[in-house]
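Student: Hi! Could you walk me through this one before I set anything up?
Tutor: Happy to, let's have a look together.

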Amino acid sequence: MRRLRGRHLLPLLTEHHLNKKDLIAPIFVDQTITVPRPIETMPGQNRYPVSAVGEVATRLFRKGIWALLLFGVPEVKDPEASGAFDPNGVIQQAVRAVKQAVPAMVVLTDVCACEYTSSGICGIGGPNRCGEVDLLNDPSLALMADIAVSHAEAGADIVAPSCMLDGMVITIRHALDQAGFQDVLILSYSTKFASALYGPFRDAADSSCFCGDRTSYQINPANGREGYMESRLDVDEGADMLMVKPAGFYLDVLASITDFGLPVAAYQVSGEYALIMAAAENGWINKKAVAMESLIAIKRAGADLIITYFAEDVAGWLDEDCE
Ligand SMILES: NCc1[nH]cc(CCC(=O)O)c1CC(=O)O
């Protein structure tokens, strides 16, 4: 047995550390409210009105969080998802508000239509071969390009397409380049599993799929090699960064896609957050210890960036630990 020496040198002997600059905080912006509203399924998280977003960005930036991922709840939903690419849509307004309040804040936007379509489907819907309403791949590509360009026009630094369409990355890349946004990066939700852990988010973002599930375009959780292949396709299409989502249950897949040489993000999703919060609120586990352990595990598996609802907490905890 190897004896573990030098426990008093623990920080020196630690392979991985969490840094505030690894963290991306998701923020929900809701066009239908005027004061912040707590999200029941995600204790500690809020939906914010556009008018509060500048303040939130300032607060987070002061704590050392330097990147936000914005999600929107629009006033109106329609079959064309027109709120998603409206220059005065909720995200476009929110991006401008963040940039005005904190120009140095890195702003990421989720490029998907599920919060904006009346059906809750992630793009253009229509009947599939079985006659069910389903996401139509090719007709949805132009919509994603329009959404991404409108986010870039508002000032987004990084667009993050999350709808798992084939061809979405290359379509968005061309559209951004043509519109003069060569420097806007694409963080593809390249490996996104059809997970049951998105439930709390769908409440928060008001994006439940009323028409079935998303297993026709999100990956079967049993398929690790398919998860790897999906990221490889997005590398070929020109993604600047890759992502695995959810994070904690898919660390093997996360580790496997680091070999493409691109930065890799991991999304610790709403259900992962809710599991920890629920147990912690019952006094069954220690919130800080378990949250930090979950995040260092994601880092250890190879994530360069972690999107997590614990971002603000972690910034505080890292400060405490230095004192
Ligand atoms: N717009 C799609 C999107 N982007 C992020 C999440 C989930 C994030 C989370 O659960 O925290 C979803 C929902 C989905 O795919 O159903």
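**A walk through the model**

Tutor: This is a predicted model. Glu230 counts as buried because it has 24 C-beta neighbours inside 10 Å, where 20 or more is the cut-off.

Student: Where is Glu230 found?
Tutor: Glu230 is in helix α7, residues 224-237.

Student: And which residues does Glu230 touch?
Tutor: Leaving out residues up to four places away in sequence, Glu230 touches Ser190, Thr191 and Ile219.

Student: What does UniProt list for Glu230?
Tutor: The UniProt record, an unreviewed entry, lists Glu230 under "binding site".

Student: OK, switching to the ligand. Which residues are around the ligand?
Tutor: Asp110, Cys112, Cys114, Ser162, Tyr198, Phe201, Arg202, Val269 and Ser270. That shell divides into five nonpolar, two polar and two charged residues.

Student: Now the strands. How many residues of strand β4 are buried?
Tutor: Seven of the seven, residues 67-73, so β4 is largely enclosed by the rest of the structure.

Student: Which residues sit on each side of β4?
Tutor: Ala67, Leu69, Phe71 and Val73 are on one side, with Leu68, Leu70 and Gly72 on the other, and all are buried. In a regular strand, side chains alternate between the two faces of the sheet.

Student: What pairs with β4?
Tutor: Strand β1 (residues 23-30) runs parallel to β4 and is joined to it by six bridges, with Pro26 opposite Leu69. Strand β5 (residues 106-111) is also parallel to β4, through four bridges, and Leu70 stands opposite Thr109 there.

Student: How does the chain cross from β4 to β5?
Tutor: The chain goes through helix α3 (residues 90-101), making a right-handed β-α-β crossover.

Key: Residues numbered from 1 in each chain as written. Predicted model: local features only at pLDDT ≥ 70, side-chain atom pairs only at ≥ 80, totals over all residues. UniProt positions renumbered as here; feature names shortened; annotations may be inferred. Helix = DSSP H or I, 4+ residues; strand = E, 2+ residues; numbered from the N terminus. Buried ≥ 20, exposed ≤ 12 C-beta atoms within 10 Å, placed from the backbone. Contact = placed C-beta atoms within 7 Å. Near = placed C-beta within 6 Å. Nonpolar A, V, L, I, M, F, W, Y, C, P; charged D, E, K, R; others polar. Pairing = 2+ DSSP bridges. Right-handed = clockwise from strand over helix to strand, strands pointing away.
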